[in-house]
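Biologist: Hey, I've just been handed this one and I'm new to it. Can you walk me through it?
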Amino acid sequence: MENMKRVLLLGTGPAALQLAVTLKREFRCRLGIAGRESVRSADFFESLAVNDQKVCVSIQNKKHHAMEGEACIDDVFRGFETIEGAWDSLFLAVTTDAYIDVIRQIHPDVLCKVKSLVLISPTLGSNQLVSGYIRRLNPDAEIISFSTYIGDTRWMDNRVSNHVITTAVKKKVFIGSTRGRSPLIDALCRLHKGLDIDLEVMRTPLEAEARNISLYVHPALFMNDFSLSAIFDESNDIPKYVYKLFPEGPITQNLIRNMRSQWSEMMSILDKLGIPSINLLKFMTDDNYPVRNESLSREDIEGFNHLQAVHQEYLLFIRYASLLIDPFSQPDQDGKYFDFSAVPIRKIFVNKEGSLDIPRMPKEDYYRVKIIQGIARNLKVNCPTIDRFIDTYENKITSVSLANQGRVLSDAFQIQSFEEDLKWIGEEMSNV
């Protein structure tokens, strides 16, 4: 594959290591990895050095055997500004909000030679953001967006090193390119087929980015008083859980109502962008986590978009109630099924730089929903539920910042407009 002879991974997190193993095995490419200089990345680079630049992926479930393996990293760059040489493809395995910050640190001479950039975990508009920036330097570069990362990969033994474990793999993800059905898209489809993942090619990158389930459920699940109290209240050690019903978790009648309302607002945005609407219940059950037919009928799933709002809320509540346990797991001797919903809401923490920080959820979701809000305003789409989510979150981080004035706080506690990113996205959308 011409565009995959020399591949550079941007990012040093668990997803980058999983990508290293799968890409090296499929394309037998020269593989490089680059990351920012930080306390966390220092541990990774040190572990990589003492292990002869080899990374290792283990699996939790034997059926995901295609994901495990080892790969040797050919080139290591400590700091994005140190990248040199000619690279065919750059895979951005950094958080969505860091795309432009990372790309800006790479020397223009490197970017000018790149044939393609692949966005692993973008949000709605990320492709247009990156395209707008790259076009000035390299107008011929292909920009590809996945809908989301293909699984759940974390550090082995919760320790930053050269070794990760993939605990879950998605059955289906979506992909879109600025060149439509390109040779690189076909090559990536073959790779995912070997991983037993259905990779559906969309007409445009925006359509792929719109198929990220986090866009539709995370704001409601995290940007509410219950979840924010669980995240920011350091004095309460009683765990709360993301997908449990109140009082163990945030899911209430009102949360489901807000989730449905936000989905409706998102559909208005997609309609303005010329993107077909998404059946939220079908997307949840067929492309993410299925439930038993006894819990939700196929008729209700298929007809979800045409039902009245209260009926849609009822079905969404059933869906979450049906996943309190894994309905397809085997019960133990006491008749108990796997506690599928027991995903803890993580609290604020002191990061490796010594600053009080906010967990990835909702920190990354804040960026996503602010970008969606900006796109909506640019399209003149009214989104009161999205506005309310943002107000709730920003009020919380403001009050927590004031209560912790004597501590070192990370940038995540700052209210941000992401004005520059929205400017790039808006200009690109106006050109379409």
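This is a predicted model: local features need pLDDT of at least 70, side-chain atom pairs count only at pLDDT 80 or more; totals for chains, interfaces and linings use all residues.

Biologist: Strands, then. Which way do the side chains of S5 point?
Modeller: They alternate along residues 75–78.

Biologist: New topic: how many aromatic pairs does the structure hold?
Modeller: There are 12 aromatic pairs. Take Tyr216 and Phe283: the ring centres are 6.4 Å apart and the planes sit at 85°, so that pair is edge-to-face.

Biologist: Why does that pair tie together parts that are 67 residues apart in sequence?
Modeller: Because Tyr216 lies in helix H8 and Phe283 in helix H11.

Biologist: Are those two buried or exposed?
Modeller: Tyr216 counts as buried at 1% relative accessibility, and Phe283 counts as buried at 5%.

Biologist: What about Tyr289 and Phe340?
Modeller: They form an edge-to-face pair, 5.3 Å centre to centre with 75° between the planes. Tyr289 is partly exposed at 43% relative accessible area, and Phe340 is partly exposed at 25%.

Biologist: Which residues do ring pairs link into a cluster?
Modeller: Tyr366, Tyr367, Tyr393 and Phe418.

Biologist: Last one: where does the charged end of Arg319 sit?
Modeller: Over the ring of Tyr320, 5.0 Å from its centre. Arg136 lies over the face of Tyr133, at 4.6 Å from the ring centre.

Methods
Residues are numbered from 1 along each chain as its sequence is written. Side-chain values use heavy atoms; hydrogens and water are left out. Buried means under 20% relative accessible area, exposed over 50%, partly exposed in between (1.4 Å probe, protein chains only). Helices (H or I, at least four residues) and strands (E, at least two) are DSSP runs, numbered from the N terminus. Rings of Phe, Tyr and Trp (its six-membered ring) pair if their centres lie within 6.5 Å; planes under 30 degrees apart count as stacked, over 60 as edge-to-face and the rest as tilted. A charge sits over a ring if NZ of Lys or CZ of Arg is within 6 Å of the ring centre and within 35 degrees of the ring normal.
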